[in-house]
Amino acid sequence: MAEAKTQIESLRKWVVEHKLRTVGCLWLSGITGSIAYNWSRPNMKTSVKIIHARLHAQALTLGALAGAALVEYYDHKEGSKAR
């Protein structure tokens, strides 16, 4: 259990240090996955597939930014308690 907590803690520290890189990687994986999913649907035009992929990636990015804001809030709140 302690080892899992340590891994989660190290992942959280990495995300705190590299917020924009995390959001960018999520965006890239979101748009790649969405394009792959939309490409398997043959009854859609290519332009519609690209628009849907962008919208899915944009929603994922907004979620990632909200998550980064929550992590920042949590760190700020915990940091002020420690002082």
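The structure is a predicted model, in which local features need pLDDT of at least 70, side-chain atom pairs count only at pLDDT 80 or more, and totals for chains, interfaces and linings use all residues. Residues are numbered from 1 along each chain as its sequence is written, and side-chain values use heavy atoms, with hydrogens and water left out. Mean pLDDT for the protein is 81, and 93% of its residues reach 70 or more; pLDDT is the predictor's confidence in each residue, from 0 to 100.

**Confidence by element**

- Helix H1 (residues 2-17) has the lowest mean pLDDT among the elements of the protein, at 79, while H2 has the highest, at 84.
- Helices (H or I, at least four residues) and strands (E, at least two) are DSSP runs, numbered from the N terminus.

**Helix H2**

- H2 spans residues 19-39, a run of 21 residues.
- From first C-alpha to last, H2 reaches 30 Å, close to the 30 Å expected at 1.5 Å a residue; the expected span is 1.5 Å times one less than the number of residues in the helix.
- The buried residues in H2 are Thr22, Val23, Gly30, Ile31, Ser34 and Asn38, where buried means under 20% relative accessible area, exposed over 50%, and partly exposed in between (1.4 Å probe, protein chains only).
- Seen down the axis of H2, these buried residues fall within an arc of 160°, so they line one face of the helix; the arc is that of the directions from the helix axis to the C-beta atoms.
- Arg21 and Ala36 are exposed on the other side of H2.

**Residues within H2**

- Ser34 is part of H2 and counts as buried because its relative accessibility is 6%.
- Leaving aside neighbours within four places in sequence, Ser34 is in contact (heavy atoms within 4.5 Å) with His52, Ala53 and His56.
- Gly33 also belongs to H2 and is partly exposed, with a relative accessible area of 40%.
- Gly33 and Ala53 are 20 residues apart in sequence, and their C-alpha atoms are 8.1 Å apart in space.
- Ile35, another residue of H2, counts as partly exposed at 34% relative accessibility.
- The C-alpha atoms of Ile35 and Cys25 are separated by 15 Å, with the two residues 10 apart along the chain.

**A residue in H1**

- Lys13 lies in helix H1 and is partly exposed, at 46% relative accessibility.
- Lys13 is 54 residues from Gly67 in sequence and 14 Å from Gly67 in space, C-alpha to C-alpha.

**Rings**

- Lys49 lies over the face of Trp39, at 4.8 Å from the ring centre; a charge sits over a ring if NZ of Lys or CZ of Arg is within 6 Å of the ring centre and within 35 degrees of the ring normal.
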